[in-house]
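Hi there,

Here is the structure I promised to pass on to you. Have a look at it first, and then read on for what turned up in it.

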Amino acid sequence: AVRLSPDKILPTSGRRQVATIPSDEPVLVMLAAGRGTRFGRAPKCIQPVCGQALARHSVEAFRRVSSGPVVCLVHYQQDEVVDALGDDLVFVHSDNPTGGTAYAAFDAHRDGDFAPYLFRTEDFGQTWEPLMAGLPSGSVNDIIEHPDNPNVLFLGSEHHLFVSTDAGAHWAQWPGMPTTHIDDLVLHPREKDLVIGTHGQSIWIMDDTRPLAEWTQETANAPAHLFSIGRATIFTYWKDTSYRGQAEFAGENPVDGAIITYSLGSGSGEAHLRIARDNGEVVREYLVPSQEGMHRVNWDLRHPVAGVSGTEPWAATGQDGLQRTIRNRGHFVSPGTYTVTLEARGTTSSTTVAVRGDPEMPLTQAQYEDREAFLSGIQALQAEFAGVLGVGQELGRGGRQQMAGMSEAQQALAQ
């Protein structure tokens, strides 16, 4: 990164003339947005620099104006920029280069200055707005916009990860992250997961950042709000658990099924979450956390286990250090679109979730539906046995131990 003092970031009285700029002083320049633009394939200057118009001129022409390091670039691949302009580059990011928006972060820690320096332009560099208010000491290493909402920003500093939902006017430190140097941030374009690269503290993944992109003042004031849910995939495991030999080296997988995020305002009472088919048939109903604030639960894309009907308390399914439970669970639903409804605080909020089949399982939609109907019938039959025999749960795993306490007549009937 280029080492700058704050007074060198932007002139206070317009652009200075070329003759007044030492050759080693950083220079503000904006480049074309990338390949396929009207500026051609090579990086091109698209605004006047140092009082000299360079629009549509090549980088070589710019270098005849100043040999100093470049302090602002717009949305170009780093290797292309380095090849064209050298290594003395300040970090700049732009997710919307056609709108003239870019972010510039300056690192001055090598000069003993550990303050954060972060600026945004929305007019191709004509003016710049500081965004450091509320940020503690620590150089800014990376900043990205959320692709679904440019007001949502993620910032990695020398010590922490920060997020803003109002375009940088206010910042909040992300909870649950270690105090460490944040090197790089990437937002997965499909899953909307935030991938965080740190120095010495591994790689972290924050699952599904859609709720942040959807956060509004109306959402904050709502007594109950259900955020949109990403596509969920049925995952058929090869076996119940691995052999655990890689347990110390493997990262944690996402939870099974659909990730469901909701917010609750002040108040009391229970909160219920219902999952239903298009025809209104309820396939699962949970009693979920009802405290004020943001909550995240999951639906494992399954029916309740045999013997459970009505509302069941939601609980995380991991156990004993495993990525998922190995206890009895209900069978999978079929692929399709399901309606998820949150009922709390005297109101309801609904959205839909698309469930797709396991891409590694060559099953048709009809086969999925036949499998679900067959297993639902078996589950109903197990429930009938449990009712007749007085057994507290279905005859599944552990069935031999259950049968040991039965009479000979009961065992014959169960078999």
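**What was found**

Let's start with Ser263, which is found in strand S16. Please keep in mind as you read that this is a predicted model. Is Ser263 buried or exposed? Its relative accessibility is 4%, and because buried means under 20%, Ser263 counts as buried. Leaving out residues up to four places away in sequence, Ser263 touches Trp215, Thr219, Pro223, Ala224, His225, Phe227, Gly293 and Met294.

Next comes the largest nonpolar core, which has 27 residues. Which of them touch the most other members? They are Leu273, Trp299 and Leu301. Strand S16 (258-264) is among the elements that give two or more residues to this core, and so are strand S14 (224-226), strand S17 (271-276), strand S18 (282-288), strand S19 (293-299), strand S21 (336-344) and strand S22 (347-356). Another core, of 13 residues, lies apart from the largest one, and Ile144, Val152, Leu194 and Ile196 are among its members.

Now for a sheet. Four strands, in the order S7-S8-S9-S10, make up an open sheet with antiparallel pairing. Its edge strands are S7 (140-146) and S10 (172-173), each of which pairs on one side only. Between S9 (residues 161-164) and S10, which run antiparallel, there are 2 bridges. Where does Val163 find its bridge partner in S10? The partner is Ala172.

Strand S8 (residues 149-157) holds Gly156. With 0% relative accessibility, Gly156 counts as buried. Beyond its neighbours within four places in sequence, Gly156 is in contact with Ser139, Val140, Asn141, Asp142, Ile182 and Leu185. You can also see how the chain folds back here: Gly156 and His181 are 25 residues apart in sequence, while their C-alpha atoms are 7.7 Å apart in space.

Last, the surface. Phe374, Leu375 and Ile378 form a nonpolar patch there, and together they have about 260 Å² of accessible area. Ile378 belongs to helix H5 (residues 365-389). Why does Ile378 count as partly exposed? Its relative accessibility is 35%, and partly exposed means between the 20% limit for buried and the 50% limit for exposed.

Enjoy exploring!

Definitions and conventions. Residues numbered from 1 in each chain as written. Predicted model: local features only at pLDDT ≥ 70, side-chain atom pairs only at ≥ 80, totals over all residues. Heavy atoms only, no water. Patch = residues over 30% accessible without salt bridge, like charges linked within 9 Å, V, L, I, M, F, W, Y side chains within 5 Å. Areas by Shrake-Rupley, 256 points an atom, 1.4 Å probe, with all protein chains shown as cover. Salt bridge = Lys/Arg side-chain N within 4 Å of Asp/Glu carboxyl O. Buried < 20%, exposed > 50% of the residue type's maximum accessible area, 1.4 Å probe, protein only. Core = buried A, V, L, I, M, F, W, Y, C linked by side-chain atoms within 4.5 Å. Pairing = 2+ DSSP bridges. Contact = heavy atoms within 4.5 Å.
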